[in-house]
Amino acid sequence: AQPKTVQVWLETCRTLEELGELEECRALLERGIESCSPTDQLCLRLVRVLERLGDVEAMRGLCGSLRSEPIDRTHKVLLEALHAEVRIGNGNTARAMVQSLLQRMPQQGPVYCEACRIE
């Protein structure tokens, strides 16, 4: 196998998800992020898995761990986490996330669209 290839991790995770093994998928994605450095594809998938597992705290922890990464590489992950917060019913947390994104990416129209959408 190729442990540094993101697609290998994603395909294996997809198989685990199809089998209903979300906890194993989560562990696999966490190992993949460690092996490949945080990539938006792996982190995006992990946010979705964490939401399905109902582990909001872990999802927030993942988002917090991405603070040192360039925002242009992580904004999709942060937007997905924002959507998850809205779906869960945490409007105040979602608003705070939007405000943070607007401060870090004031030139990005999609962030403003998301701000309007959650209101």
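Contact means that heavy atoms lie within 4.5 Å. With neighbours within four places in sequence left aside, Cys63 is in contact with Leu78 and Ala81. This is a predicted model, in which local features need pLDDT of at least 70 and side-chain atom pairs count only at pLDDT 80 or more, while totals for chains, interfaces and linings use all residues. Residues are numbered from 1 along each chain as its sequence is written, and side-chain values use heavy atoms, with hydrogens and water left out.

- Leu29 touches Cys13, Leu42, Arg45, Leu46 and Val49, when residues up to four places away in sequence are not counted.

**Helix H4 and Cys63**

- The buried residues of H4 are Val56, Met59, Leu62 and Cys63, where buried means under 20% relative accessible area, exposed over 50%, and partly exposed in between (1.4 Å probe, protein chains only).
- Seen down the axis of H4, these buried residues fall within an arc of 120°, so they line one face of the helix; the arc is that of the directions from the helix axis to the C-beta atoms.
- H3 and H5 are among the elements that cover the buried residues of H4.
- Cys63 has a relative accessible area of 11%, and its C-alpha atom is separated by 8.7 Å from that of Val47, 16 residues apart along the chain.

**Helix H7**

- Val111, Glu114, Ala115 and Ile118 are buried in H7.
- The buried residues of H7 fall within an arc of 105° when seen down the helix axis, so they line one face of the helix.
- These buried residues pack against H5 and H6, whereas Cys116 and Arg117, on the other side of H7, are exposed.

- Thr74 lies in helix H5 and is buried, with a relative accessible area of 5%.
- Apart from neighbours within four places in sequence, Thr74 is in contact with Leu66 and Glu69.
- Ala94 lies in helix H6 and counts as buried at 0% relative accessibility.
- Leaving aside neighbours within four places in sequence, Ala94 is in contact with Leu82, Glu85, Val86 and Ile118.

**Largest pocket**

- The largest pocket has a volume of about 300 Å³; a pocket is, on a 1 Å grid over the protein atoms alone, an open set of points where a 1.4 Å probe fits, with protein on both sides within 12 Å along at least five of seven lines.
- There are 14 lining residues (those with an atom within 4 Å of a point), and the closest to the pocket centre are Cys63, Arg67, Leu78, Met97 and Ser100.
- The elements that give two or more residues to this lining are H4 (56–65), H5 (71–88) and H6 (91–104).
- H6 provides the largest share of the lining, six residues.

Technical notes:
Points joined across faces, edges and corners; volume = space filled by probe spheres on them. Helix = DSSP H or I, 4+ residues; strand = E, 2+ residues; numbered from the N terminus.
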